[in-house]
Amino acid sequence: MPSILGRLVQALVGMGLLSATVAPPAVAAVPTGGLAIKHIYPHDTGAFTEGLFYLGGDLFESTGMPGRSDVRRVRLVDGVVLQAQPIAANLFGEGIVNWGGEILSLTWQDQIGFRWDLKALKPKTSFRYAGEGWALTQDGKHLIMSDGTPILRFRDPVTFKEVRHIQVTADGRPVPNLNELEWVKGEILANVWQTHLIARIDPVTGKVKAWIDLGSLPETQGGNPDAVLNGIAYDREHDRLFVTGKYWPHLYEIRLTPPKAGR
């Protein structure tokens with residue numbers, strides 16, 4: 001089985017973000033932890049998952065693809081979609097986050113976001129931003145946004161203006177393709193697109209404190225290149241962490257195992 005370093009390097013080389021002839025980033029020095037599965041829940045295999053969060057007993061999920069993007073409320077126990085609102089057919093839906101009585105959602109390359117009424121799941125207003133939109137989370141003070149680069153942007157929840165940003169690094173090297181985000185116990189958890197890894201990021205320095213290797217989950221062994229790991233949600237009240245992916249048949253409640261020194 002390829003090492004954590006090997007899998008990440010292979011993914012970056014395949015996407016043209018790293019030359020096979022150049023020494024790879026020293027991500028092996030960052031400690032790596034795994035997981036234990038606590039519970040398995042059904043997940044809609046038609047959902048191209050882009051954003052995920054848990055609130056008030058339910059999951060809120062956003063899905064992508066033109067003509068198929070929506071924002072939905074999902075019953076955790078059986079994966080039943082309780083509410084769903086489509087996004088315009090010409091838009092590609094991306095990440096979501098709750099703030100107050102609203103949900104904010106992004107689109108991929110259209111530079112437009114939406115505010116939704118949290119209870120009714122109805123669109124209220126739209127807003128603009130520069131660059132791509134990938135994912136959102138929040139730390140109780142600011143929204144945190146990824147755009148596929150190593151940069152995470154902290155934004156004002158009301159105006160959506162950038163307040164500050166951090167560059168995410170592992171052993172001093174930028175980590176690209178930061179995707180779905182979740183704020184968990186003072187850290188930012190981020191899926192690294194097209195890998196089996198979640199980065200545990202220090203929100204002040206941007207340094208990756210540890211990797212979480214989810215390569216043991218059955219869906220990561222599949223042959224569909226689009227069915228990648230993407231979706232992190234945290235139940236703060238009951239200290240439960242959930243993960244899933246695009247088109248995955250399952251959503252997993254997991255317990256993290258202690259990270260070990262990098263190989």
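## Exercise 1: A threonine in a loop

Threonine 220 counts as buried, because its relative accessibility is 11% and the cut-off for buried is under 20%. Keep in mind that this is a predicted model.

Task: Find where threonine 220 sits and which residues it touches, not counting residues up to four places away in sequence.

Solution: 
- Step 1. Locate strand β20 (208–213) and then β21; threonine 220 has its place in the loop between them.
- Step 2. Look around the residue. Leaving out residues up to four places away in sequence, threonine 220 touches His196, Leu214, Gly215 and Trp248.

## Exercise 2: Buried or exposed?

Task: Decide whether lysine 260 is buried or exposed, and find its contacts beyond four places in sequence.

Solution: 
- Step 1. Go to the segment after β23 (250–256), where lysine 260 has its place.
- Step 2. Lysine 260 has a relative accessible area of 63%. Exposed means over 50%, so lysine 260 is exposed.
- Step 3. Setting aside neighbours within four places in sequence, lysine 260 is in contact with Pro31 and Thr32.
- Step 4. Now compare sequence with space: lysine 260 and alanine 210 are 50 residues apart in sequence, while their C-alpha atoms are 8.8 Å apart.

## Exercise 3: Tyrosine 234 and arginine 240

Task: Work out which side chains make polar contacts with the side chains of tyrosine 234 and arginine 240.

Solution: 
- Step 1. Tyrosine 234 lies in strand β21 (residues 229–235), and arginine 240 is in strand β22 (residues 240–245).
- Step 2. Check burial. Tyrosine 234 is buried, with a relative accessible area of 7%; arginine 240 counts as buried at 18% relative accessibility.
- Step 3. Follow the side chains. That of tyrosine 234 makes a polar contact with the side chain of aspartate 239 (2.6 Å), and that of arginine 240 makes one with the side chain of tyrosine 54 (3.1 Å).
- Step 4. Link the pair: the residues touched by arginine 240 include Tyr54 and Tyr234. Tyrosine 234, in turn, has Tyr54, Asp239 and Arg240 among its contacts.

## Exercise 4: Reading a sheet

Task: Give the strand order of the open sheet of four strands and name its edge strands.

Solution: 
- Step 1. The order is β7-β8-β9-β10, with antiparallel pairing.
- Step 2. Strands β7 (93–99) and β10 (123–128) are the edges, since each pairs on one side only.
- Step 3. From one strand to the next, the twist averages 25 degrees.
- Step 4. Zoom in on β9 (residues 112–117), which five bridges join to β10. Isoleucine 112 stands opposite arginine 128 in β10.

## Exercise 5: Nonpolar cores

Task: Find which residues of the largest nonpolar core touch the most other members.

Solution: 
- Step 1. The largest core has 20 residues, and Leu152, Val175, Ile188, Ile201, Val208 and Trp211 touch the most other members.
- Step 2. Strands that each supply at least two residues of this core include β13 (151–155) and β17 (178–184).
- Step 3. Valine 175 has Val208 and Trp211 among its contacts.
- Step 4. A second, separate core of 19 residues includes Phe48, Ile232, Leu241 and Tyr252.

Technical notes:
Residues numbered from 1 in each chain as written. Predicted model: local features only at pLDDT ≥ 70, side-chain atom pairs only at ≥ 80, totals over all residues. Heavy atoms only, no water. Pairing = 2+ DSSP bridges. Axes fitted to C-alpha atoms, helices over the stretch in contact; angles between N-to-C directions. Buried < 20%, exposed > 50% of the residue type's maximum accessible area, 1.4 Å probe, protein only. Contact = heavy atoms within 4.5 Å. Polar contact = N/O pair within 3.5 Å; in protein donor to acceptor, adjacent residues only side chain to side chain. Core = buried A, V, L, I, M, F, W, Y, C linked by side-chain atoms within 4.5 Å.
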